[in-house]
Amino acid sequence: MTAFGPYKERTVLDFTEFNNQSLFLISGPTGSGKTTIFDAIAYALYDDASGASRNKDSFKSDFATDEDLCQVAFTFEVNGKEYYIERRPEQKGPGKRGIISHSSSVAFHHDGQVTTKIMDANKEIAQLLALTYDQFKQIVMLPQGEFKRLLESDSKDKEAIFRNIFGTEVILTFQDNLKKQVSRLNKEVEGNRTELRASFTYLSRLEDESLQKSQEEEDTEAVLERLRELQADYLQLAAGITAQQKEQALELTKAGNQLAQLQKLEILVQREAELAEQKKHFDVLEKQIIQYEKAQTCLEAKRILQKEVQTRDELESELKNKKEQFAETGAVLEEERVNFLTLAAAHQNLPLWRQDLKELDKQVETFALIGKLEQNVRVLEKVQAEAQEEYSDLATKAEQLIEEKTVASTQLKESQTARVDVGTKKDAVHELKHYQAGLDVQLKELTAMQKLVEMHREARAAFMEAQAKAETQHQVSVQATRLFNQNMAGLLANGLEDGSACPVCGSLDHPLPAPLLAEAPTEEELEAIQDKTSEADRLHSQAAERVGNINKQLEDLEKLLGFNREDCSVHFEKAKKRLSDTLAQLLESETQIAALQKIADQQEQRNQLLEAIQEQEKNTHLRQKELETLMQTREQQLRDENATLQEQLALVKGLTQSKVKADHDSLAEKIEATEKDYPLVQQEITALEKEIAVLATTQGSLENQIASALTRIAEARESYHGKLAAAQLSDDFEAQLMPRAQVEAAKNDLGNYQDEVKVTARNLRDQEKLVAAFPENLAVATVLATIDSLEVRGEKLAQESKRLSNHIQSIESGLENISTTYERGKALLQEFGRMKRISEIANGQSSETGRLSFERYVLAIYYDEIVQAANKRLTQMTDNRYLLLRSEREAKGAGAKGLELDVFDHYTGQMRSVKTLSGGESFKASLALALGLSDVMQQQSGGIQIDTLFIDEGFGTLDPESLEQAIQTLSELNANGRMVGIISHVDELKARIPAHIKVTHSASGSHAEIVV
């Protein structure tokens, strides 16, 4: 434990130091932190305190500061395997950036893993121990005020405890599943009834009185029987209708065939007449087709003639174009030959022109050099002037640097002196702060003493008030107990019956039964008064303990400070005055240090400034020397450049740069044009001469082709006229011919007409033979009347058939739905009844089992074993007076039953509730029950083994004989290797139990150590 409860410093308790001494005592003054050891174990395991009066938010020690972190680390063993857990509550503590808020944290080491989430760790530990926090407090760690909870808890609480221990969750799940099955089956039964009623509604269209009556009475068997009868009746009617429909269909088919044949004959006769009317048109069309075929030969000859004439015209047009092109090309050739003579003369002058161009190139270069020299002179003159100006500025700057260097040297000496003074002043401040720290500690102790004096006064007043209340409550309790005892005879007499033995004297006659006292309290009222008295005693003890603790702290402070608490105020004012004077001196010294430090802090800056000034002064002198050398060099360059410039100007004297440039460009262009055009003109003349030769050849060829074309035209004209005469056609025959597409369509129409005439004649002969077999004088109108009569009859039969079919379908659907639903409902109802009875028995709702559930029945078996194990120790601790028995009384209401406890008193021979036991008797019964539970759990080997038991107080209620019996019982546990830890103030225990955890406390916190 670190900074936990009253334990400010790190406290380590190693239980292995007891060297197998299984019974140990935790002893120490009231309020020193004995129960805190149990709190630390409970907090490490379950993230909570061991008792209900404390909470984890108050775990951090009041003696600790924000520089300390509250923490508990616990190593424990379960079934031979070691585990380690470390927890820290929410608190303020040190961090990387000072004091910060820390959230709750955990580190649970198990199976090579570390769990750091609080909820996960809590769940894993609860599963590991197989005990919840509340169960742990009732079985393993029995805190103050909660020792009797397992003993006096009702069946519901015990059921929750034992369920987790003995693993009966599967039985509870089984019971819940039975409830769910019963609920589901109940819903299915109701749903089946609703579905059955809904099926009845679909039968409303069947207007049958007997059926409707059975539906109203919900007589499903009768409904099904009537539906079967109706189904047979409707099926017989439907069969008759079907036979009539077949007969009607045959007659209708026969009449339809006759009508079709008569109508077909009429159509053929009419079509034959129509074809006869079209014969004249198709005769003319046939003649036109024959004339068109004769004219096709003439038309082809005419196209050949026209093509030859077109060829002649194209050749004559091309010949004309070639002649015009020949004339134009000859003119261009003559022009090019004249131009070539001029270019040839210029081409001979090219060598002279190139020589003149070279002279002009030299003059252009000379003018370019003159421009460059003039530019260089201007640049040198400008640079020389700038250098002279810079030289003057440097001289001025050198004088300024001398003055700045003097000022900087003085400031540097000032900073060096201030640095020495700061050190001296800081030493003085350190001594003052040391003195101040002593005064702060003294004031803090004096403030604590003043606060404790006030707390002592308030605690003393609270103690006096609690004492008065406790005395008053004791008087009330004594009076109530006296009246209750006086009324015992009346209570016993009130329960007497004639013929039954008196529990006091055993007599069967009761002549003078004692009367009841009206002012006497009932047992419940007396118990409430005693509870108030116990509470008043507890508050009185707490108040007394608080007064003692505060007084002890005041005494420790008086020894530490060397004066009594009455002189605290005087010493406080003196210390306060000394602190005020010291703070004033500190403030003045720190102000002086700040001013000196500011100057001292500038030492480096001022030193750098002086060095920079010296560096600038050095650089200035160097630059002046450089400039002097540069100016001398540039002066010589100016003289050289001017001399060269004059030489070049003499070479072009009397000339201008623009005139030389113009003459140069003109001559260069002239040379370039001549060199380019001379060969091009030569090539152009050659190409033109070739083109004229080709044109002359082409003209001769065209003239020959035209002569041939004229010959072919004469031959084609003669052939054309010969074919016209043979076909007896004039020259304009084309205007009288049909278009080709029209001729093809006419051929197709003519062929179709001729085919249809043949087919119609053949079909007409066949149809006349067929109709000749019908009854005599059978007409179309007669057949139509017969068909109308048959169709009306067919519609009536179809309507009747549909009506019967709908009824039959409704009956069949109703029979299927109702039968299926009805049979399923009978099976569901049978299953529901069976499951309901099983569920009521399993869940304790049946009087057959005394309303004891299956789970509580199983737990009762375990509980009987626990009670039997507990009685082994209880009979020893009570000299065979008391025996625990599981209550078999019929409990009221519908709550959990079967796990309450009664106690049998061998002295009175009576059975009564364990809640009637006195404080000492309850302690012994609770201890025996806790040990019995531990024994049974280990015997069952259900993965739970309890090797440790912690008991916080309770022994103070025992008389010497009972105390001896309890110690003997606990000491016997050593044989089984079980460890029992006890917190108690009973002196006899300190003497009887050699193994101790000794707890001491002081003004700076508590300390615990193991003493063996």
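Reader: What makes Phe854 count as partly exposed?

Author: Phe854 has a relative accessibility of 35%, and a residue is called buried under 20% relative accessible area, exposed over 50% and partly exposed in between (1.4 Å probe, protein chains only); Phe854 therefore counts as partly exposed. The areas come from the Shrake-Rupley method, in which only the protein chains shown count as cover for residues. This is a predicted model, in which local features need pLDDT of at least 70 and side-chain atom pairs count only at pLDDT 80 or more, while totals for chains, interfaces and linings use all residues. Residues are numbered from 1 along each chain as its sequence is written, and side-chain values use heavy atoms, with hydrogens and water left out.

Reader: Which residues make the nonpolar surface patch of about 380 Å²?

Author: The patch is made by Phe174, Phe854, Tyr857 and Ile861, and its largest share, 3 residues, comes from helix 18 (residues 854-877), where Phe854 is found. Patches are made of residues with over 30% relative accessible area and no salt bridge, nonpolar side chains (Val, Leu, Ile, Met, Phe, Trp, Tyr) being joined within 5 Å and like charges within 9 Å. Helices (H or I, at least four residues) and strands (E, at least two) are DSSP runs, numbered from the N terminus.

Reader: Why is the surface patch of Glu523, Glu524, Glu525, Glu527 and Asp531 called negative?

Author: The patch is formed by Glu and Asp residues, and these count as negative, whereas Lys and Arg count as positive, and His and the chain ends are not counted. The place of a charge is taken as CD of Glu, CG of Asp, NZ of Lys or CZ of Arg. Glu523, with a relative accessible area of 43%, is partly exposed, and this residue is found in helix 12 (residues 523-561).

Reader: How do you know that the span of helix 12 agrees with its 39 residues?

Author: The expected span of a helix is 1.5 Å times one less than its number of residues, which for helix 12 gives 57 Å, and its end C-alpha atoms are 57 Å apart, so the two values agree. Several residues of helix 12 are buried, among them Leu526, Ile529, Val547 and Leu561. Just after helix 12, Gly562 takes a positive phi of about 85°.

Reader: What makes the contact of Asp581 with Lys577 a salt bridge?

Author: A salt bridge is a side-chain nitrogen of Lys or Arg within 4 Å of a carboxyl oxygen of Asp or Glu, and since the closest N and O atoms of Asp581 and Lys577 are 2.8 Å apart, the pair qualifies. Both residues lie in helix 13 (residues 568-600), 4 residues apart, about one turn of the helix. By this rule the count comes to 30 salt bridges.

Reader: Why are Glu229 and Arg226 separated by about one helical turn?

Author: They are 3 residues apart in helix 8 (residues 220-277), which accounts for that separation, and their side chains meet in a salt bridge of 2.9 Å, N to O. Glu229 is partly exposed, because its relative accessible area is 37%.

Reader: How do you know that Arg623 is partly exposed?

Author: Its relative accessible area is 28%, and Arg623 is therefore partly exposed. Salt bridges that share partners join Arg881, Asp905, Arg912 and Glu921 into one network.

Terms used. Areas by Shrake-Rupley, 256 points an atom, 1.4 Å probe, with all protein chains shown as cover.
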